[in-house]
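Let's take a friendly walk through this protein. Have the sequence and the 3D view open as you read.

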Amino acid sequence: YQRRVRGGLFLSMEGSSLDRFSARRMEEAQEELKKAQKALKTGLFKWSADYDAASRAFEAAATRFNALNMLAEAKDAFVQSAETKMKSDLPSAFFAAKHYESAAGCAQRHSEEVEAQDQKVRLVDEAAQLMLEAAQHFQNSNHMDRTIACYRNAARVCHEHRADRALMTYHKMALLCGACNTDKTALLVDYVRDSIGWVCGQHSFDVAIQLLDLHKAFCLSLIHISEPTRLLSISYAVFCLKKKKNPVTLLSHQY
């Protein structure tokens with residue numbers, strides 16, 4: 001019985017400690033937001049905003065909100081950090097891209113927690129849009145591998161609730177992959193391969209064939225891997241559904 005009491009006391013003390021830790025984190029996040037707002041203010045003796053300081057403060061606040069699982073607040077702070085960084089004297093597209101990517105992750109996690117369908121779809125759209133914003137900034141900083149990864153992640157976010165948007169994003173990803181340098185082939189082949197099955201499942205065969213052609217070209221260009229693997233015959237079947245009266249046609253791509 002005494003052990004039970006002690007165990008209960010220990011658990012209650014542990015819970016109290018966690019509450020104090022969370023409260024301290026919350027205070028720190030609010031303080032960082034105040035610092036950011038102060039850095040953005042101008043006055044008689046301060047003619048321009050300190051966007052670098054504001055960006056660092058928003059980043060610190062976002063990290064603390066994220067640790068507290070306050071996803072909406074973390075998302076907004078990450079976005080503000082990215083926006084203020086791009087307005088600073090030393091803008092960094094790569095820095096902004098990483099923070100848009102983090103904001104997209106917060107929106108995606110938030111969409112998984114809510115139950116209302118309309119709110120879930122809205123958060124999915126927001127997550128996809130933020131991921132595409134990250135892709136644009138990665139592209140501006142000449143990081144094409146991260147750019148295409150963001151397109152793939154944006155499409156994956158939309159699989160369940162926004163299939164139309166996912167297909168459009170995969171199409172754009174395919175166009176980017178086709179324009180990439182050959183030194184990225186080993187990485188791109190996985191991105192393309194992983195998307196083909198889902199696209200076929202949506203009966204979007206024009207996009208599927210486009211991805212299949214890319215995958216074929218990438219595989220044949222990987223001459224540094226073993227010969228049996230490179231020349232392995234890989235077959236994908238794509239069912240092209242035409243009019244209701246016409247029979248289903250089967251197209252097979254082999255290489």
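## The model and its overall make-up

This is a predicted model, in which local features need pLDDT of at least 70 and side-chain atom pairs count only at pLDDT 80 or more, while totals for chains, interfaces and linings use all residues. Residues are numbered from 1 along each chain as its sequence is written, and side-chain values use heavy atoms, with hydrogens and water left out.

The protein has ten helices and two strands. Both kinds of element are DSSP runs numbered from the N terminus: helices are H or I with at least four residues, and strands are E with at least two. Reading from the N terminus, the order is α-α-α-α-α-α-α-α-α-α-β-β.

Of its 255 residues, 38% count as buried. Here buried means under 20% relative accessible area, exposed means over 50%, and partly exposed lies in between, with a 1.4 Å probe and protein chains only. Contact means heavy atoms within 4.5 Å. Among the contacts with a separation of 6 or more, 57% are between residues 24 or more positions apart.

Start with α5 (117-140) and α6 (144-157). These two helices pack at an angle of about 170°, and their axes are 8 Å apart. Axes are lines fitted to C-alpha atoms, for helices over the stretch in contact, and angles run from 0 to 180 degrees between N-to-C directions. The angle makes α5 roughly antiparallel to α6. For reference, angles under 35 degrees count as roughly parallel, over 145 as roughly antiparallel, 65 to 115 as roughly perpendicular and the rest as oblique. Residues that make the contact include Val124, Ala128, Met131, Ala135 and Phe138 of α5, with Met144, Thr147, Tyr151 and Val157 among those of α6.

On to α7 (residues 163-178), which packs with α6 at an angle of about 165°, again with the axes 8 Å apart. These helices are therefore roughly antiparallel to each other. The crossing of α6 and α7 is left-handed, a term for a near helix turned anticlockwise from the far one by less than a right angle (clockwise would be right-handed). Met144, Thr147, Ile148 and Tyr151 are among the α6 residues in this contact, and Ala166, Thr169, Tyr170, Met173 and Leu176 are among those of α7.

What does Thr147 touch, leaving aside its neighbours within four places in sequence? The list is Ala135, Phe138, Gln139 and Leu176. Thr147 lies in helix α6, and it counts as buried because its relative accessible area is 0%. Its side chain also reaches the backbone oxygen of Ala135 at 3.5 Å. That is a polar contact, meaning a pair of N or O atoms within 3.5 Å; within protein, one must be able to donate a hydrogen and the other to accept it, and residues adjacent in sequence count only if both atoms are side-chain atoms.

Ala166 is in helix α7 and is buried too, at 0% relative accessibility. Its C-alpha atom is 7.3 Å from that of Ala154, twelve residues apart along the chain. With neighbours within four places set aside, Ala166 is in contact with Ala155, Cys158, His159 and Trp198.

## A lysine and the cysteines

Lys75 belongs to helix α3. Is this lysine buried or exposed? Lys75 is buried, because its relative accessible area is 11%. Beyond residues up to four places away in sequence, Lys75 touches Ala103, Cys106, Ala107, Glu126 and Leu130.

Cys106 is itself buried, with a relative accessible area of 1%, and Cys200 is buried at 18%. The structure holds zero disulfides, a disulfide being a pair of cysteine sulfur atoms within 2.5 Å.

## Loops worth a look

Most residues other than glycine have a negative phi. Asn69 has a positive phi, near 60°. Asn69 is in the loop between α2 (51-67) and α3 (71-87), and is partly exposed at 39% relative accessible area. Leu68 is found in the loop between α2 and α3 and touches Ser22, Arg25 and Met26, not counting residues up to four places away.

Asn142 also has a positive phi, near 65°. Its place is the loop between α5 and α6, where Asn142 counts as exposed because its relative accessibility is 67%.
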